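Dear colleague,

Please find the structure below, followed by an account of what was found in it. I would be grateful if you could read the two side by side.

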Amino acid sequence: MSGEPSTDFGFERVSPADKARRVRGVFDSVARRYDLMNDLMSAGAHRLWKRFTLALANLRPGQRALDVAGGTGDLTLGLARQVGPRGFVILSDVNAAMLALGRDRLLDAGFARNVACVLADAEQLPFADATFDCITIGFGLRNVTDKAAALAAMRRVLKPGGQLLVLEFSQPRLPGLKPLYDAYSFRVLPLLGRLVAHDEASYRYLAESIRMHPDPETLLKMLEAAGLEGCRYHSLSGGIVAVHRGYRA
Ligand SMILES: C[S@@+](CC[C@H](N)C(=O)[O-])C[C@H]1O[C@@H](n2cnc3c(N)ncnc32)[C@H](O)[C@@H]1O
């Protein structure tokens, strides 16, 4: 193992290639039950967190947006409504099963002309420089192996003046919330995963990956290190979730 680079997959140390493979395995496994599990696990709160993120996006008709690691497309749908028929939104994800579910939902909601789906790794976005007015990444960055590379890629494809919004689990800050949150994440989530998605391990990974994700101040510095400006963040639900925002100058 000496000298071999390693990264976290939940609480385990693995090679970067192994992490990417195992993250793909998690989302292959949970894709079919993903939306139901989100509602169950968060008691619907993920909808409010996404609504808050979309309110920050506040796009105008005709603008262009990219939803990175967009999965089943909740944020994409909201962005598409904001930019309207003259605008354009791309849903991208590295996982074909998640992307297919997102594409079907967007088509069912009537967004065929101004939305496209692109299979892409957040670390290597296949778009021209300075393309988008806004980029969102919701509950995705935690799963990316090289977060600095992904942040740099997202900055590159933002237009000058465009904004990046990172919605991600964070660390509870309300006194007394942490022990409850820990018990919920390490006991209830894997149990729900077993009962509903027939996959306990993926939901244990979810709880572990949240603990391994950088705290909000560190993530803020990572956005700044990627060259984003005017960076700040909002803590939601007592710090369980944070939305970071930064602009390309
Ligand atoms: C927890 S889901 C979030 C989906 C959606 N954004 C939402 O908020 O409901 C995480 C998504 O990140 C995707 N993902 C993981 N690693 C990725 C990477 N390196 N590049 C792009 N997407 C990635 C997964 O395939 C999965 O669809």
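Is S209 buried or exposed? With a relative accessible area of 4%, S209 is buried; here buried means under 20% relative accessible area, exposed means over 50%, and partly exposed lies in between, with a 1.4 Å probe and protein chains only.

Two remarks on the basis of these values are needed. The model is predicted, and local features need pLDDT of at least 70, while side-chain atom pairs count only at pLDDT 80 or more and totals for chains, interfaces and linings use all residues. Residues are numbered from 1 along each chain as its sequence is written, and side-chain values use heavy atoms, with hydrogens and water left out.

S209 and R142

S209 belongs to helix 8; helices (H or I, at least four residues) and strands (E, at least two) are DSSP runs numbered from the N terminus. Its side chain makes a polar contact of 2.9 Å with the side chain of R142. A polar contact is a pair of N or O atoms within 3.5 Å; within protein, one must be able to donate a hydrogen and the other to accept it, and residues adjacent in sequence count only if both atoms are side-chain atoms. Leaving aside neighbours within four places in sequence, S209 is in contact (heavy atoms within 4.5 Å) with G10 and R142.

R142 sits in the loop between strand 6 and helix 6, and at 5% relative accessibility R142 is also counted as buried. Beyond residues up to four places away in sequence, R142 touches K19, K147, E168, F169, Y205, L206, S209, I210 and H213. The C-alpha atoms of R142 and H213 are 5.8 Å apart in space, although the two residues are 71 residues apart in sequence.

The ligand site

Of the 19 residues around the ligand, Y34, A69, D93, A122 and G138 come nearest; a residue is counted as near if one of its heavy atoms lies within 4 Å. By class, this shell has 10 nonpolar, six polar and three charged residues. In that scheme Ala, Val, Leu, Ile, Met, Phe, Trp, Tyr, Cys and Pro are nonpolar, Asp, Glu, Lys and Arg are charged, and the others, Gly among them, are polar. Helix 1 and helix 2 each supply at least two residues of the shell.

- An oxygen atom of the ligand lies 3.0 Å from a polar side-chain atom of K50.
- A nitrogen atom of the ligand is 3.1 Å from an N or O atom in the side chain of D121.
- A nitrogen atom of the ligand is 2.8 Å from a polar backbone atom of G138.

The protein covers 96% of the 590 Å² of accessible area that the ligand has on its own, as computed by the Shrake-Rupley method with a 1.4 Å probe.

Helix 2

Which residues of helix 2 are buried? In helix 2 (residues 34–42) they are Y34, M37, N38, M41 and S42. Seen down the helix axis, these residues fall within an arc of 105°, so they line one face of helix 2; the arc is that of the directions from the helix axis to the C-beta atoms. They pack against helix 1 (16–30), helix 3 (45–57), helix 5 (96–108), helix 7 (177–197) and helix 8 (200–212). Helix 2 is followed by A43, whose phi is positive, near 50°.

Further backbone and loop details

A69 is not a glycine, yet its phi is positive, at about 55°. A69 is found in the loop between strand 3 (64–68) and helix 4 (74–83) and is partly exposed, with a relative accessible area of 25%. F139 likewise has a positive phi of about 55° without being a glycine. F139 lies in the loop between strand 6 (132–138) and helix 6 (147–157) and is buried, with a relative accessible area of 10%.

G238 is in the loop between strand 8 (229–236) and strand 9 (241–247) and is partly exposed at 25% relative accessible area. Not counting residues up to four places away in sequence, G238 touches Q171, P172, R173, L174 and L177.

R24, in helix 1, is partly exposed with a relative accessible area of 38%. With residues up to four places away in sequence left out, R24 touches V94 and N95.

With kind regards
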